[in-house]
Amino acid sequence: MTEERPGDESPRLQEFQTQVEDLRLSGGRANPERAAVRLALVLFVVAVVIEIVAFNGSSSASDSRDQTDFVILALLGVVVALGAVGLFIRASLTRYFRYWLVRLVYEDRANTDRLIEALRSGREK
Amino acid sequence: MTTAAPLLELRGVRAGYGIIDVLHGVDLVLQSGEVLALLGPNGAGKSTTLAVASGQIEPSSGQLLIGGREVNGARPDALARSGVCLVPEGRGIFPNLTVTENLRMMTFAGTSFSAIQEKAYELFPRLEERRRQLAGTLSGGEQQMLAMARAMATDPALLMLDELSMGLAPIIVDELYSQVATLARTGLSILIVEQFAKTVLGVADTAAIMLHGRVTRTGRPDEIAEELTAAYLGIESGGHQ
């Protein structure tokens, strides 16, 4: 069979080659949700650091204009923290729903198998 | 494929589940238009190899190449859409849907339902007689036919079959493999994973033996057939790749 390869020049294989060339790769990230959760945790730590810096800065500043700068920095910290929380919830929910879907499919299959088995044994009786 | 690159190639692939490595440096080559039989005992890593080739498991090291392009990290659905099709062990059909509904699920790739039905029933006329029957109530052989028909409906460029013969009577296995031979004659590249070799070696152009997460021997089916028993029993045959 190796001598004859009718598929070698086939349009389907050329199309396949083109589609493979166009494939987007994730760049070696096997688990994007895990990476997102880690990123969210890092961002949250960064937000906490920003808040501490802003708090210390504003409490040591006597000029209200300097304090305004630290308030802006604190707001930036809040935004980073909110972003981190959003990313964490999104990634966690994605992981959870993926597991839930797999579980649902598995249980559905098991139920169908039980039903079919019951139907078969009913027919035999 | 016009390029000289193999349709599918695994180079030094290591992969597994969590921290447990199952594949310890798999090297495998499937040329375009070829039928490759990957044989080995239970737990050798054959199904994991297919999971890697179909993008379900990303190699921890090594390369997965399709048509010469490294596709480590490609999403399994993207690979499936482009034409890499896996018929998993256990058939992977929807047992609580009818035969027709199972075929309708394959319209995801954009192929019309009528074209899918036409192709499926041409390949396996028995499915047309059973089209309103729940897939779970089909016989094992018919379920496998449905699984293959679903795979062929997407017009794959690379078809991977995992344990096609599992739990089936020899006469049904022969019937299924005669269909595989028909598909192979159209130039479709096929990678078949099996534990039991007799029938598959009659269809394959090349065969490989897999043991303990490595491909230990690749060769012509007649050569492999002679070494298979020894390999399964863990006796060194000396002909390592």
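Predicted model: local features only at pLDDT ≥ 70, side-chain atom pairs only at ≥ 80, totals over all residues.
**View 1. Chain B is divided into two domains.** Domain 1 of chain B is made up of residues 1-83, 159-169 and 188-241. Domain 2 of chain B covers residues 86-155. Between the C-alpha centres of these two domains of chain B the separation is 25 Å.

**View 2. Domain 1 of chain B touches domain 2 of chain B.** In this contact, 13 residues come from domain 1 of chain B and nine residues from domain 2 of chain B. On the domain 1 side, helix H1 (46-53) and strand S7 (158-162) of chain B are the elements that give two or more residues. S7(B) gives the most to that side, with four residues. Sorted by class, the domain 1 side has seven nonpolar residues, three polar residues and three charged residues.

**View 3. Six strands of chain B form an open sheet with mixed pairing.** The strand order across the sheet is S6-S7-S8-S3-S9-S10 (chain B). Strand S6 (84-87) and strand S10 (214-219) of chain B are at the edges; each has a single partner strand, so one side of each lacks a neighbour in the sheet. From one strand to the next, the twist averages 20 degrees.

**View 4. S6(B) pairs with S7(B) in the parallel sense.** Four bridges connect S6(B) and S7(B). B:Val87 has B:Leu161 of S7(B) opposite it.

Key
Residues numbered from 1 in each chain as written. Chains lettered and ligands numbered in written order. Domains from an automatic or database assignment. Contact = placed C-beta atoms within 7 Å. Nonpolar A, V, L, I, M, F, W, Y, C, P; charged D, E, K, R; others polar. Pairing = 2+ DSSP bridges. Axes fitted to C-alpha atoms, helices over the stretch in contact; angles between N-to-C directions.
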